[in-house]
Amino acid sequence: MARFFLRRLRHTVFVLFAISLISFFFIHLSGDPVMLMLPADASAEQIEAMRERLGFDDPLHVQYLRFLGGVLTGDLGNSLYYHVPVMELVLDRLPASLELALAAMAVALLVAIPVGVLSAVKRGSLIDFGSMLGALFGLSMPHFWLGIMMMLLFSVTLGWLPTSGRGTLAHLVMPATALGVSLMAMFARLTRSVMLEVLSLDYVRTARAKGLSEALVIGQHAFKNALIPIVTVAGMEFGFLLGGTVVIETVFGWPGLGRLVVEAIFNRDYPLVQASVLVLAMIFVLVNLAVDLIYGCLDPQIRVFDEGEMK
Amino acid sequence: MPLLEVDGLRTYFRTPAGLAKAVDDVSLDVEEGEIRAIVGESGCGKSVLSLSILRLLPQPPAFHAGGEIRFGGRDLLKVSQSEIRHIRGNEISMIFQEPMSALNPVFTIGHQLTEVYRVHRGVDARSARRQAVEMLTLVGVPAPEARLREYPFQLSGGMRQRVMIAMALACRPKLLIADEPTTALDVTIQAQILDLMRDLRESLGTAIILITHDLGVVAEMADRVSVMYAGRVAESAEVEALFDRTLHPYTRGLMHAVPSMAGDRAQSRLTEIGGVVPNLTDLPEGCRFEPRCPLAVAYCRKKEPPLETYEGAHMAACWRAGDA
């Protein structure tokens, strides 16, 4: 396992380097931040002075190396807009993003897996039909609309839940559900189809031929095999959840990273965009590493081959 | 009284193309301790028959349209779910063609083997482990203690099939159903597995239903044999009697399609049976073999021949049974 881990870590460093390179050059394509920072009637001298002060007059590769040096020392510079260290801003928002992503994923999986398994086992039944119809609704419903509808019902009409902000569990319920519903639908369909496939395999028939109860056949022999693709997809979706929740963050006034990044892009706040993208990428890579480690637990073939290498 | 009696079994499938009569009025019995072969081409219904006995077919699309399967004074088609679960792996066991896909890839051999003892014998983990080691030793798996910790993909095909047999015989069942147990194995391993099954029949007294398409295996292993064609029994006899004198033209065709090792240089080419197995959703009105039969006469097309007894226990379903 240790060797596997080291090899993955090498990968990780390379991936992060590539991402820093791409994000650096792409954000520079978005235009000159100085034009946004100064009034429209600023003179050419003023603009030039500002560019020089911020280091934007250096060649691009010099700027990139400066940025890379900053990454290594942990100092990614100050925000051009907020005038505070960007890492402070990012780390301030990160817990909120993680909390929302984790909650949405939990809501999705806790409902989707039992529903998907049940649909597969009762294939063609009313339960199967009903839950797959529900899943179709879940997939086709835009989540901002669902968020607003929930807000109207639970906050405005019933007054049970706060409309926006972060803090208590009550604040988390609606954004996590609004975000989780489409995931839930996707996972329910995925679980159903994976379970259907696994249930038709020979070893499931063997398990039945041994006289095991249906609970053991489905819950143990089939489900452990079905978990492998589910974990893969969950890992990927989690990465998207971290950065791709801008709309829900906006609807519910959730202080997450997504909104911070989008605002930073509009402000051409280079250092902030770069820091956010780097942190998101790092988490994405870490989640994938975790998925690989879970694989090792689920699929003995991966684990045993790796141990074989160490000998 | 025979150990197992299949009486007029009909197992049909509802398919988009119509009703597929995979097993259509099949009767056969198995005596205690005997090896009973069922032989036929792919799609003749032999696997469906064997899966019907333990009710392992997915229902739907499969359903039992008639008949009885009597075992120990019960009709297996009528007993409750919990009763059939108690019989599976305990009184009647089954092994399959593909030992790789028949074992679960994510559980150790130990887990899959001890599970049988835990479920049927209610023993604790330690005792189950000890019995599992004994059983693996009995089926000739070397270093059984180490094997228990391994996963199916770490074993060879022959070893996997030995593990399957160990699992199947763990609770000393009265009947083992072996569905093409050696088809997926190398020839040398095939012989080893067949030897093992024969030895275990002697030492444990387990009756075996041996499903195969290989007449060589039948000749070597079986006491009695039923030849199936398109969901029906075409011919049924003691093995010596069948190889002595075939009554059904289909059986004869099967025998001519097997290369002979002993002399017989005259037969340098194998003869095949012309045509294909009829579609099970659209069977001919008369004899099912008539379209491919070298002996067919006009009457064969009109009426289906019943399974009738000829010399001793030799039975055949053919209007021209015994005609050369």
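I began in chain B, where B:Ile38 has B:Ser226 in strand 9 as its bridge partner. The model is predicted: local features need pLDDT of at least 70, side-chain atom pairs count only at pLDDT 80 or more, and totals for chains, interfaces and linings use all residues. Residues are numbered from 1 along each chain as its sequence is written, while chains are lettered from A and ligands numbered from 1 in the order written.

**Chain B, the sheet.** I then looked up strand 3 (residues 35-39) and strand 9 (residues 224-229) of chain B, which pair in the parallel sense over four bridges. Strands here are DSSP runs of E, at least two residues, and helices are runs of H or I, at least four, numbered from the N terminus; two strands pair if DSSP finds at least two bridges between them. Eight strands of chain B make an open sheet with mixed pairing, in the order 6-7-8-3-9-10-12-11. Its edges are strand 6 (92-95) and strand 11 (308-309), each pairing on one side only.

**Chain A, two helices.** Next I checked helix 5 (residues 86-121) and helix 8 (residues 169-199) of chain A, which pack at about 35° with axes 6 Å apart. Axes are lines fitted to C-alpha atoms over the stretch in contact, and angles run from 0 to 180 degrees between N-to-C directions. The residues of this contact divide into 25 nonpolar, five polar (Gly counts here) and two charged (Asp, Glu, Lys and Arg). Nonpolar means Ala, Val, Leu, Ile, Met, Phe, Trp, Tyr, Cys and Pro; residues in neither list are polar.
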